[in-house]
Amino acid sequence: MKLNPPETIKEIAATLEKAGFETWCVGGAIRDALLGHPHLDWDLATAAKTQDVQKLFKRTVPVGIEFGTLGVLDADNVMHEVTTFRKDVQTDGRHAVVEFGVSLDDDLARRDFTINAIAYSPKTGEIRDPFGGQKDIEKKIIRAVGDPRERMREDRLRALRAIRFAARFGFEIEPATWAAIVESAPDMKRLSAERVKQEIEKTMEQVPLPSKAFAKWRDSGAFKTLIPSLAKITDKQLKPLDHLRRTLLVKRPARKSTRIAALFAAAPPDTVRKTLKDLRFSNSETEWIALLIDRWHQLEPSMTSELLRAEEVFAADPFGERTPPSMVLRLWAASVGRTRLAPLLRLADAFWWAARQAGEPAPYKPTVAATYKRAIGIAYKDAIEIADLEIDGSDLEELGIRGPAVGTTLRKLLEAVINDPRTNNRTELIKLARTTTSG
């Protein structure tokens with residue numbers, strides 16, 4: 001009952017079978033179905049060559065034709081990958097040369113782990129499992145297909161994938177496979193920066209408790225090879241990752257970036273931007289993550305002490321505010337920017353949670369939640385940026401203030417408004433501007 005591919009997949013497979021080409025469902029969809037997890041991407045492996053597939057289907061996309069893969073578009077314009085049975089004949093640890101015209105078992109033998117080397121026939125309902133993947137799913141084990149050392153040599157990314165799968169599903173890595181991962185760590189330098197970045201992002205997106213995955217990156221030596229600045233990251237530094245939510249909604253992309261920021265917050269601050277750029281994060285991603293980390297390091301002492309002080313005040317007067325003063329919240333918002341304030345507070349919450357787990361003094365969840373709600377309201381209501389002021393540079397020029405003095409004066413006016421929002425009116429700001437420049 002678990003193995004029930006979508007009707008469109010069954011139709012594609014039936015078309016290929018009718019034309020005389022053996023066809024099977026393969027890959028992650030089989031694994032996830034056996035685990036009882038939903039999976040939207042059902043892939044097919046077939047004896048048909050790419051030219052045969054192109055003849056049988058009107059709409060195809062050459063997504064990886066050199067590796068025998070075509071995308072077949074169904075009636076709803078959803079693409080399904082169809083790949084010719086193949087095996088690797090040569091590899092350098094990053095790229096493989098493949099041979100076609102082989103059997104299904106040959107095709108399964110080239111796959112990375114037993115749980116990914118299971119095939120299902122939509123035509124007959126047969127499950128082909130030559131390497132015991134179903135038993136390993138039952139035992140919750142990640143095991144390489146065949147010789148683990150050979151599998152890691154064929155593609156160095158497999159070591160990181162094994163770690164991600166283990167953390168994602170709560171599995172253990174079989175000892176011989178783990179030994180091969182550790183042995184392969186120095187050769188991971190062959191991996192492109194883009195593939196390492198993608199693996200970090202997939203871990204952040206798929207794994208409920210990323211600390212377990214990245215602890216294995218550290219213990220295997222992967223960090224030492226790939227991101228030396230994180231080679232000595234501690235369990236305590238990794239723990240905040242587990243308190244930050246996964247990106248389950250397309251409309252919440254900042255969640256993934258906040259998890260990444262929590263990881264790289266353990267690196268020396270002066271290395272973060274270069275490390276992110278070396279990993280091929282975009283300029284905007286790099287700046288967003290690096291600035292969040294910068295502000296966290298800068299504001300953490302103040303944020304922690306202010307919330308702990310607010311808890312003391314609240315304990316003495318339960319009818320009082322459970323949050324820091326409004327002016328303090330405006331200062332934080334002005335420092336990080338209103339669009340980054342929520343991620344900063346979520347990052348802070350994660351680090352405070354980890355500190356409490358370690359038995360260290362840190363603000364409690366009710367105080368953090370109350371501060372979050374009030375701070376976000378203030379950030380979007382009060383003036384915290386120069387653009388929020390009721391006067392601008394043109395107004396200052398009319399007062400005879402020109403050149404660099406314009407920027408200096410606007411910053412001083414903003415400081416005044418952050419201290420007292422009532423001063424953010426044209427009359428008061430002009431008066432303050434004249435006083436500032438005359439002084």
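**View 1. Strands β4 and β5 form a hairpin with five residues between them.** The model is predicted: local features need pLDDT of at least 70, side-chain atom pairs count only at pLDDT 80 or more, and totals for chains, interfaces and linings use all residues. Residues are numbered from 1 along each chain as its sequence is written, and side-chain values use heavy atoms, with hydrogens and water left out. In the turn, N77 has a positive phi of about 65°. The two strands pair in the antiparallel sense over five bridges. Strands pair here if DSSP finds at least two bridges between them. T69 stands opposite T83 in β5. Strands (E, at least two residues) and helices (H or I, at least four) are DSSP runs, numbered from the N terminus.

**View 2. β3 and β4 form a hairpin with four residues between the strands.** G68 takes a positive phi near 80° in this hairpin. Three bridges link β3 and β4 in the antiparallel sense. V61 stands opposite G71 in β4. Four of the five residues of β4 are buried, that is, under 20% relative accessible area, with exposed over 50% and partly exposed in between (1.4 Å probe, protein chains only).

**View 3. Seven strands make an open, mixed sheet.** The order is β3-β4-β5-β2-β1-β8-β9. β3 (60-64) and β9 (127-128) are the edge strands, each pairing on one side only. β8 (residues 119-120) pairs with β9 in the antiparallel sense over two bridges. There, R128 in β9 is the bridge partner of A119. Helix α1 packs on the sheet, touching β1 (23-26), β2 (43-46), β4 (69-73) and β5 (79-84). Touching means contact, with heavy atoms within 4.5 Å. The direction of α1 makes about 35° with that of β5. Axes are lines fitted to C-alpha atoms, for helices over the stretch in contact, and angles run from 0 to 180 degrees between N-to-C directions.

**View 4. E17 sits in helix α1 (residues 7-18).** A polar atom of the E17 side chain lies 3.0 Å from the backbone nitrogen of T23. Leaving aside neighbours within four places in sequence, E17 is in contact with E22, T23 and K123.

**View 5. W217, L263 and F264 touch the most other members of the largest nonpolar core, which has 101 residues.** A nonpolar core is a set of buried Ala, Val, Leu, Ile, Met, Phe, Trp, Tyr and Cys residues joined through side-chain atoms within 4.5 Å. A second, separate core of 14 residues includes V406, L414, V417 and A433. Beyond its neighbours within four places in sequence, L263 is in contact with M204, F214, F223, L230, I233, L238 and L241. Helix α13 (residues 254-264) is mostly covered, with ten of its eleven residues buried. Among them are R255, K256, L263 and F264.

**View 6. Helices α17 (residues 338-357) and α18 (residues 365-381) pack at an angle of about 170°.** Their axes are 10 Å apart. The angle makes α17 roughly antiparallel to α18; angles over 145 degrees count as such, those under 35 as roughly parallel, 65 to 115 as roughly perpendicular and the rest as oblique. Residues of α17 including L341, L345 and W352 meet residues of α18, including V368, Y372 and I376.

**View 7. N283 lies in helix α15 (residues 283-316).** N283 counts as exposed because its relative accessibility is 60%. The C-alpha atoms of N283 and L160 are separated by 25 Å, and the two residues are 123 residues apart along the chain.

Terms used
A polar contact is a pair of N or O atoms within 3.5 Å; within protein, one must be able to donate a hydrogen and the other to accept it, and residues adjacent in sequence count only if both atoms are side-chain atoms.
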